[in-house]
Amino acid sequence: MKSRILTVFASLCISVLPMTAQKLSLSTDLLGYACLGTLNAEVTCFLSQKWSVNAGFRYNPFTFNKGQADRQFQNRQRSFHAGARIWPWHTGSGWWFGGKFRWQEYNWGGVFSRETEEGSRLGAGICLGYTHMLSRHLNMEFGAGLWGGYASSKRYSCPVCGAAVKSHTGAFVAPDYLTLSLVYVF
């Protein structure tokens with residue numbers, strides 16, 4: 001499953017390389033870095049005046065205070081997504097509405113309580129946002145989303161002890177993201 005997602009992501013990136021100026025953008029979510037250092041990037045290809053496709057990832061390998069049961073916390077994850085957007089006015093500027101498919105593997109907890117949850121999710125989501133042009137090549141993007149699908153997870157009583165409290169397998173609906181992205185348009 002992971003290799004298929006990586007293959008689709010790599011294919012999308014490679015297929016847009018020979019494009020000319022103003023057809024491709026690269027962005028990073030600044031709020032992602034504020035969320036315990038989650039690294040992220042997204043590539044967008046503008047197909048026409050109203051449509052674009054995008055693919056991206058989120059990655060966080062960090063565990064803080066590792067090994068200290070009463071102080072350890074983390075928001076570790078690997079997440080890949082691919083989707084499309086419609087722009088009512090013009091691609092790369094103004095309001096947009098979109099949909100995407102997403103896979104996520106995560107382990108988070110210890111921040112608000114000692115409980116930790118780890119698992120994986122596969123699903124689809126919707127999102128909307130606004131892109132503000134700062135200059136010819138630089139944009140600021142604001143957005144929010146919701147996604148749902150199939151999840152398999154386990155909840156533990158603390159980040160270190162490993163005592164399982166609850167497990168879940170089935171449908172889920174959750175906020176996808178809240179984003180404040182810096183976008184470079186080629």
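## Strand pairing, salt bridges and a buried asparagine

Strand E1 (residues 24-29) pairs with strand E2 in the antiparallel sense over 4 bridges. Strands here (E, at least two residues) and helices (H or I, at least four) are DSSP runs, numbered from the N terminus, and two strands pair if DSSP finds at least two bridges between them. The model is a predicted one, in which local features need pLDDT of at least 70 and side-chain atom pairs count only at pLDDT 80 or more, while totals for chains, interfaces and linings use all residues. Residues are numbered from 1 along each chain as its sequence is written, and side-chain values use heavy atoms, with hydrogens and water left out.

### The chain as a whole

The chain contains 2 helices and 9 strands. Read from the N terminus, the elements follow the order α-β-α-β-β-β-β-β-β-β-β. The chain has 186 residues, of which 41% count as buried; buried means under 20% relative accessible area, exposed over 50%, and partly exposed in between (1.4 Å probe, protein chains only). Its accessible surface comes to about 10,200 Å², and 67% of that surface belongs to carbon and sulfur atoms. These areas come from the Shrake-Rupley method with a 1.4 Å probe, and for residues only the protein chains shown count as cover. Among the contacts with a separation of 6 or more, 59% are between residues 24 or more positions apart, a contact being heavy atoms within 4.5 Å.

### Strand E2 and its partners

A hairpin through 4 residues joins E2 to E3. Of the 8 residues of E2, 6 are buried, so the strand is largely enclosed by the rest of the structure. As a general point, the side chains in a regular strand alternate between the two faces of the sheet.

### Salt bridges

The whole structure holds 8 salt bridges, each being a side-chain nitrogen of Lys or Arg within 4 Å of a carboxyl oxygen of Asp or Glu. Three of them are listed below.

| Pair | N to O distance |
|---|---|
| Arg 85 and Glu 42 | 3.5 Å |
| Arg 102 and Asp 176 | 2.2 Å |
| Glu 115 and Arg 155 | 3.2 Å |

In the salt bridge of Arg 85 and Glu 42, Arg 85 lies in strand E5 and Glu 42 in strand E2, so the pair ties together parts that are 43 residues apart in sequence. Both Arg 85 and Glu 42 are buried. These two residues also belong, with Glu 141, to a network of salt bridges.

The side chains of Arg 102 and Asp 176 meet in another salt bridge. Arg 102 lies in strand E6 (residues 94-109) and Asp 176 in strand E9 (residues 164-185), so this pair ties together parts that are 74 residues apart in sequence. Arg 102 counts as buried because its relative accessibility is 7%, and Asp 176 counts as buried because its relative accessibility is 11%.

Glu 115 forms its salt bridge with Arg 155. This pair links distant parts of the chain, with Glu 115 in the loop between E6 and strand E7 (116-133) and Arg 155 in strand E8 (residues 138-156), 40 residues apart. Glu 115 is partly exposed, at a relative accessible area of 30%, and Arg 155 is partly exposed as well, at 23%.

Asn 60 is found in strand E3 and counts as buried, with a relative accessibility of 2%. Leaving aside residues up to four places away in sequence, Asn 60 touches Cys 35, Leu 36, Gly 37, Thr 38, Asn 75, Arg 76 and Gln 77. A polar atom of the Asn 60 side chain lies 2.9 Å from the backbone oxygen of Leu 36. The side chains of Asn 60 and Thr 38 are joined by a polar contact of 3.0 Å; a polar contact is a pair of N or O atoms within 3.5 Å, where within protein one must be able to donate a hydrogen and the other to accept it, and residues adjacent in sequence count only if both atoms are side-chain atoms.

Leu 36 sits in the loop between helix H2 (30-34) and strand E2 (39-46). Although Leu 36 is not a glycine, it has a positive phi of about 60°. Leu 36 is partly exposed, with a relative accessible area of 25%.
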